[in-house]
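Here is a brief report on one protein model and its ligand.

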Amino acid sequence: MNKRPTLTLKSPAKPAAPKLRASHARDLKPALQTSFQTSLKPDSLAYSLIGAANALAQVKTGTNLPQALAQVWAKHEATPQARGAMQDIAYRAMRLLGQSETLVSLMAPKAPEPLVSALLSCALALLAAPDEVPPYEEFTVVDQTVTAAESHPDTARAKGMVNAVLRRFLRERRDLLATALLQPVAKWNYPQWWIDAAKAAWPQDWQAVLSSGNQAPPLTLRINSRKTSMAQYLATLAGAGMAASQIGPYAVRLDKAVGVQLIPGFAEGVVSVQDAGAQLAAPLLDVRDGMRVLDACAAPGGKTCHILELADVDVTALDADPKRLARVGENLERLQLTADLKAAEAQTAGWWDGQPFDRILADVPCTASGIVRRHPDIRWLRRKADTLQLATLSGKILDNLWQMLAPGGKLLFVTCSLWPQESEAQAAAFAVRNQAVRLDAPGQLLPAGGSGQDHDGLFYALFQKNA
Ligand SMILES: C[S@@+](CC[C@H](N)C(=O)[O-])C[C@H]1O[C@@H](n2cnc3c(N)ncnc32)[C@H](O)[C@@H]1O
């Protein structure tokens, strides 16, 4: 007879004292000291490095990079030049964060404090910059990073370590990089879950998709067809000595990015800044004069304005975030266009007057995984579970908006996601739930950069309601 296994319970031994990891003290540290007064010169690289590192450290605690930079700029009353330098360093650091953090883990004796880690990541991003001409001399970067470390209460004690790590990187760069790049997170500069998700979704294209998200984005303009033509505007740019090429019916890509104040006709509403892929939305909606159109997740209003440039329509622009909605107002004003702005959630109906819409644009909230070249912080801010959470919300938004569509009307579903759960799977399930007729639309556009095509990763599905 088989003996049944028995479970013997030992009397519990006195638990050994848990081993503390080397960096345990970090949990006990007070929050980042952002209000310190620096004696660094505002035009020095050290000043820009400590500012960028501050922003980076805030991203690591969940703040998005534009907001983190804005806070740093406001606290230190940074000059426009220092703002530009901090922004450049912080964006570079985000694009190389996986590599830099892996390098630090190979060189530092213990996990550095958050601001020290961020400062090292900023410096390593400059030292390992992929540019043909490095942005700064190596010696200057090391010297200024040590000066920056010295200047801040949270990093001063680590000054010697910062110096040692950066000098070692310069001495042993080849071997250190070869070892670091064996780690996928260091090679691709995305969290592991993101790399796995890209492989699963796009088995043939995942490497190209990840690489394109690490490129600096182009500056693409949308010409306002109410005010100019493509030929006219290209001539204006040529006259201003700005090299550019047409990459879509309304899309012009500048060879060299400039601030908006230097773009001919921007202030007068002749052009707007908008990715070429995002410029497909308004033409796909097929708007005609007199229609009632709802832009359900409108801010900052790129697509709202394009719709109004194409036809004389009555647009309701809705957004859940009143602050972001204010930006729709600013953009409309610059372009001398009007829409009815409403701050409300698109999965609710309290704001609706009951009059059906002929066209609905549902550019729903999503993980934004398709626009990481513009927002390199997104990959470090998102969690794997966000995809399901956002897909659940956008499913509710789509079902609610469908009730507001007139018979024969069209609804355009858009995401800037690369994940099928938020895009194709959502579109397919929506069509079944609502017996929606699916019309021709591009579906998933993977991000592309090159001479002919240049756009973010977007998804388009177009539906029609039976008349
Ligand atoms: C992808 S962005 C829209 C971009 C915009 N269509 C454009 O082209 O400029 C998504 C927008 O949805 C808004 N949003 C998030 N949740 C929402 C909700 N429940 N209802 C309405 N808008 C929402 C966000 O504030 C954000 O502005």
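## Overall fold

Of the 467 residues in the protein chain, 44% are buried. Buried means that 20 or more other C-beta atoms lie within 10 Å of a residue's own; exposed means 12 or fewer, partly exposed is in between, and C-beta atoms are placed from the backbone. This is a predicted model: local features need pLDDT of at least 70, side-chain atom pairs count only at pLDDT 80 or more, and totals for chains, interfaces and linings use all residues. Numbering starts from 1 along each chain as its sequence is written.

The protein chain has 17 helices and 13 strands. These are DSSP runs, numbered from the N terminus: helices are H or I with at least four residues, strands are E with at least two. Along the principal axes, the C-alpha atoms fill a box of roughly 90 × 70 × 40 Å. Take the contacts between residues at least 6 apart in sequence: 72% join residues at least 24 apart. Contact means C-beta atoms, placed from the backbone, within 7 Å.

Strand β9 spans residues 405-415, and eight of its 11 residues are buried. Strands pair if DSSP finds at least two bridges between them. The pairings of β9 are tabulated here.

| Partner of β9 | Direction | Bridges | Residue pair |
|---|---|---|---|
| β13 (residues 458-464) | antiparallel | six bridges | L462 with L412 |

In a regular strand, side chains alternate between the two faces of the sheet.

## C416

The loop between β9 and α17 (424-434) holds C416. The unreviewed UniProt entry annotates C416 as "active site". UniProt positions follow the numbering used here, feature names are shortened, and annotations may be inferred rather than shown by experiment.

Why does C416 count as buried? Because 28 other C-beta atoms lie within 10 Å. Leaving aside neighbours within four places in sequence, C416 contacts C366, A368, G370, I371, D456, G457 and L458.

## Ligand shell

Of the 19 residues around the ligand, C297, A299, G302, A320 and A346 come nearest.

The shell divides into 10 nonpolar, three polar and six charged residues. Ala, Val, Leu, Ile, Met, Phe, Trp, Tyr, Cys and Pro count as nonpolar; Asp, Glu, Lys and Arg as charged; the others, Gly among them, as polar.

Definitions and conventions:
Near = placed C-beta within 6 Å. Contact = placed C-beta atoms within 7 Å.
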